[in-house]
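Here is my note on the model you sent over. Please keep the viewer open and follow along point by point.

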Amino acid sequence: MNERNHTIVIEIFLLGFKNIHKFKILLFILLLVVYCVTICGNLLIIVLVSCSRTLHSPMYFFISQLSIFDIMLSTDIVPNTLASIIAEGLVMSFSGCITQFYIFGCSESLECFILAAMAYDRYLAICNPLRYTTIMNFSLFLKMILISWILGATLILVTTLSIFGLEFCGPNVIDHFFCDFAPIIQLTCSDHSTLDILDFILTIPFIIFPFFFISFTYISICINILKISSTSGRRKAFSTCSSHLIVVSTYYGTLMNVYMVPSDLYSYNVNKIVSPLYTAGTPLLNPIVYSLRNQEIKAALSKLLSSLFTSRTFGQIMKTNG
């Protein structure tokens, strides 16, 4: 019986965006600007929520958690993508590729759980305002954050460890700009049917269940808003959750487009085309939506800038007099 000699894969070559020679500098600059704005915008929200007492409420702490996940996601994906654009491809170690997938999956699942927690927070604020402060106390808020982190890290770890259990013997080329589940699995020479089923099952707790939970809460919210007699009251109630609704719609719209698409369509690069929308677009969108549409965040930013300007001016005056 003839034995086939297999070469164990120790490096992964990411093709990135092929055939964009004329536009690679433009794409590089655009993606770099998006990344810088994303990091600065999300860091600004974290600083504002931490420093401003007016933003010390569960909703804003949830938003700051969302900013942490956006920074994790962008930093995990975008720098390597920038390198692959310039070099027209990128070589990663196999372990580095799997690590990138884990951080990516962890930040995505964490964001799903936090968006669900934020929906519950808005549900309580609009549908049960008199008991809001009693129910949404620090203890419940902390439990929701910890459960989100534990579930997000654990569920993706199961898939990641299962991938390490497969045999990879070539080829080692991925036609993508980052290490996602589907392109990694295409490289294995082991039977991965069980892992495919496991991956689909795990989408239920971190994509499908949070999505339906958010949908249910917003149905309840809309019903309660319609019961408000005054137009100004309905407008004010809706404005408290409109930013969150925009983020949820954008995030789940792109995410479900990728992970609910049949696997046989993957060869048409559906994943590769849609992926930039939630790996770079959504982390950029979140701080913009929450800062531009939220008066309290605008007020906190104005106060912070004013205090910084006042401190700087006072320091210059003291230095001059001295």
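1. Is the crossing of helix 2 and helix 5 left-handed or right-handed? The crossing of these two helices is right-handed. For handedness, a crossing is left-handed if the near helix is turned anticlockwise from the far one by less than a right angle, and right-handed if clockwise. Before going further, a word on the ground rules: this is a predicted model, in which local features need pLDDT of at least 70 and side-chain atom pairs count only at pLDDT 80 or more, while totals for chains, interfaces and linings use all residues. Residues are numbered from 1 along each chain as its sequence is written, and side-chain values use heavy atoms, with hydrogens and water left out.

2. Let me stay with that pair. The axes of helix 2 and helix 5 come within 11 Å and cross at roughly 20°, which makes helix 2 roughly parallel to helix 5. Axes here are lines fitted to C-alpha atoms, for helices over the stretch in contact, and angles run from 0 to 180 degrees between N-to-C directions. Angles under 35 degrees count as roughly parallel, over 145 as roughly antiparallel, 65 to 115 as roughly perpendicular and the rest as oblique.

3. Which residues meet there? On the helix 2 side they are P58, F61, F62, Q65, I68, F69 and M72, and these meet F141, M144, I145 and W149 in helix 5. Contact means heavy atoms within 4.5 Å. The residues of this contact divide into ten nonpolar, one polar and no charged. In this scheme Ala, Val, Leu, Ile, Met, Phe, Trp, Tyr, Cys and Pro count as nonpolar, Asp, Glu, Lys and Arg as charged, and the others, Gly among them, as polar.

4. Now for the overall layout. The chain has ten helices and three strands, and from the N terminus on its elements run β-α-α-β-α-α-α-β-α-α-α-α-α. Helices (H or I, at least four residues) and strands (E, at least two) are DSSP runs, numbered from the N terminus. Among contacts with a separation of 6 or more, 78% join residues 24 or more positions apart.

5. On burial and surface: of the 322 residues of the chain, 43% count as buried. Buried means under 20% relative accessible area, exposed over 50%, and partly exposed in between (1.4 Å probe, protein chains only). The chain exposes about 17,200 Å², and carbon and sulfur atoms supply 68% of that area. Accessible areas come from the Shrake-Rupley method with a 1.4 Å probe; for residues, only the protein chains shown count as cover.

6. Helix 5 (residues 138-164) has another partner in helix 3 (residues 94-127): their axes come within 8 Å and cross at roughly 150°. Helix 3 and helix 5 are therefore roughly antiparallel to each other, and helix 3 passes helix 5 in a right-handed crossing. The residues of their contact divide into 21 nonpolar, six polar and no charged. I147 lies in helix 5 and is partly exposed, with a relative accessible area of 48%.

7. I103 is found in helix 3 and is partly exposed at 31% relative accessible area; leaving aside neighbours within four places in sequence, I103 is in contact with M72 and D76. The C-alpha atoms of I103 and D76 are separated by 6.8 Å. S95 also has its place in helix 3, and its C-alpha atom is 7.8 Å from that of I10, 85 residues apart along the chain.

8. Leaving aside neighbours within four places in sequence, N286 is in contact with L66, D70, E111 and V247.

9. Finally, a backbone detail. Most residues other than glycine have a negative phi. E88 has a positive phi of about 55° although it is not a glycine. E88 is found in the loop between helix 2 (58-87) and strand 2 (90-93), and is partly exposed, with a relative accessible area of 41%.
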